[in-house]
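Biologist: I would like to learn how to read a few features of a model. Could we take them one by one?

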Amino acid sequence: MLSSLIDICFSHIQVTKEKSFPKSMNETNHSQVTEFVLLGLSNSQELQPFLFLIFSLLYLAILLGNFLIILTVTSDSRLHTPMYFLLANLSFIDICVASFATPKMIADFLVERKTISFDACLAQIFFVHLFTGSEMVILVSMAYDRYVAICKPLLYMTIMSRRVCIILVLISWCVGFVHTTSQLAFTVNLPFCGPNQVDSFFCDLPLVTKLACIDTYVVSLLIVADSGFLSLSSFLLLVLSYTVILITVRSHSSASMAKARSTLTAHVTVVTLFFGPCIFIYVWPFSSYSVDKVLAVFYTIFTPILNPVIYTLRNKEMKAAMSKLKSRYLKSGQVSAVIRNVLFLETK
């Protein structure tokens, strides 16, 4: 009788323990969530076809514009300079930034329930911080390139050698990798046992960590500190570099300095468009989720599409190289000949 009473008491204690600590004690080492539900940009089903068309066209423009820059820089020997080498790498990173989540977002416009697996969610977190971290360092490298070109023109080719340019690109990817690894380390071991709805069109790290079954206040602070430090320090370096360059440019009035001002204006515009949303999301503490969603669209869609426009419309060398590329590959009758050959091979 006594043993039966003891068994009943222990059973009651065990049940109470499981009810009281289902998330923080018993499930910290086990994740029950196998997928997340993405709420997307809008809940309106009537807007989904319209958004599908708009973002499909924007994504196509991103791919075509940035691939055009890469093709132009690689095919024209006059553009084999440090500035255009870094610009081509920036275009490649812009393609990556636009591609880690945009294709899924476009596909999700065609389905009612937008889901993503747990592993795919972690992959999105990994790639967004890898690519954006790399882009920050590339922009700093481009600012350094302009600083050397304008402030130390006689030593430009010596300082900005091809070896130095390759090292700068490798450093950008290494910084991005270290940054995203540190960010993912905060998330990969968190327990997720519901809810699983992410109020965005991709797995944004601050939103995902809030879904964990434990208190993530300290983790959220570390995430903001990590991303905020990289964004703010890169932005301050850019501001310092461009301030020195502007002071140097103001003391000259020649035609070469006018060209430097034009190039500098393009760089400052790109930096503002990219760093503005990033700093606002990770440094400014009072932004709402709806604002963050708009800013996420801005730096994943609009910045990659604006970069080719800014760097080509204000750059005479790029426009001349693109005209030469057009005349080389789109000669009169050449396109129709290619089409005829393709049709002939298909009917053969």
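The dialogue below takes up disulfides, nonpolar cores, one serine and the annotated spans.

Modeller: Keep in mind that this is a predicted model.

Biologist: How many disulfides does the structure hold?

Modeller: A disulfide is a covalent bond between the sulfur atoms of two cysteines. The structure holds 2 of them. Cys 121 is joined to Cys 203, with an S to S distance of 2.1 Å. Cys 193 and Cys 213 form a disulfide with their sulfur atoms 1.8 Å apart.

Biologist: Why does Cys 121 count as buried?

Modeller: Buried means under 20% relative accessible area. Cys 121 counts as buried because its relative accessibility is 1%. Cys 203 is buried too, at 0%.

Biologist: Which residues touch the most other members of the largest nonpolar core?

Modeller: This core has 63 residues, and those touching the most other members are Phe 55, Leu 87, Leu 139, Met 142, Phe 202 and Met 318. Helix α5 (residues 118-151) gives the largest share, 11 residues. A second, separate core has 20 residues, including Phe 118 and Ile 223.

Biologist: What is Leu 139 in contact with, beyond its neighbours within four places in sequence?

Modeller: Leu 139 is in contact with Leu 90, Leu 238, Val 270, Phe 274 and Phe 275.

Biologist: Why does Ser 182 count as partly exposed?

Modeller: Partly exposed runs between the buried cut-off of 20% and the exposed cut-off of 50%. Ser 182 falls there because its relative accessibility is 25%. Ser 182 lies in helix α7 (residues 162-187), and its side chain makes a polar contact with the side chain of Asp 226 at 2.6 Å.

Biologist: Where does UniProt place the feature "transmembrane region"?

Modeller: The unreviewed UniProt entry places it at several spans, including residues 50-71 and 122-144. Residues 50-71 are 100% helix, with end C-alpha atoms 32 Å apart. Residues 122-144 are also 100% helix, with end C-alpha atoms 33 Å apart.

Technical notes. Residues numbered from 1 in each chain as written. Predicted model: local features only at pLDDT ≥ 70, side-chain atom pairs only at ≥ 80, totals over all residues. Heavy atoms only, no water. UniProt positions renumbered as here; feature names shortened; annotations may be inferred. Helix = DSSP H or I, 4+ residues; strand = E, 2+ residues; numbered from the N terminus. Core = buried A, V, L, I, M, F, W, Y, C linked by side-chain atoms within 4.5 Å. Buried < 20%, exposed > 50% of the residue type's maximum accessible area, 1.4 Å probe, protein only. Contact = heavy atoms within 4.5 Å. Polar contact = N/O pair within 3.5 Å; in protein donor to acceptor, adjacent residues only side chain to side chain. Disulfide = S-S within 2.5 Å.
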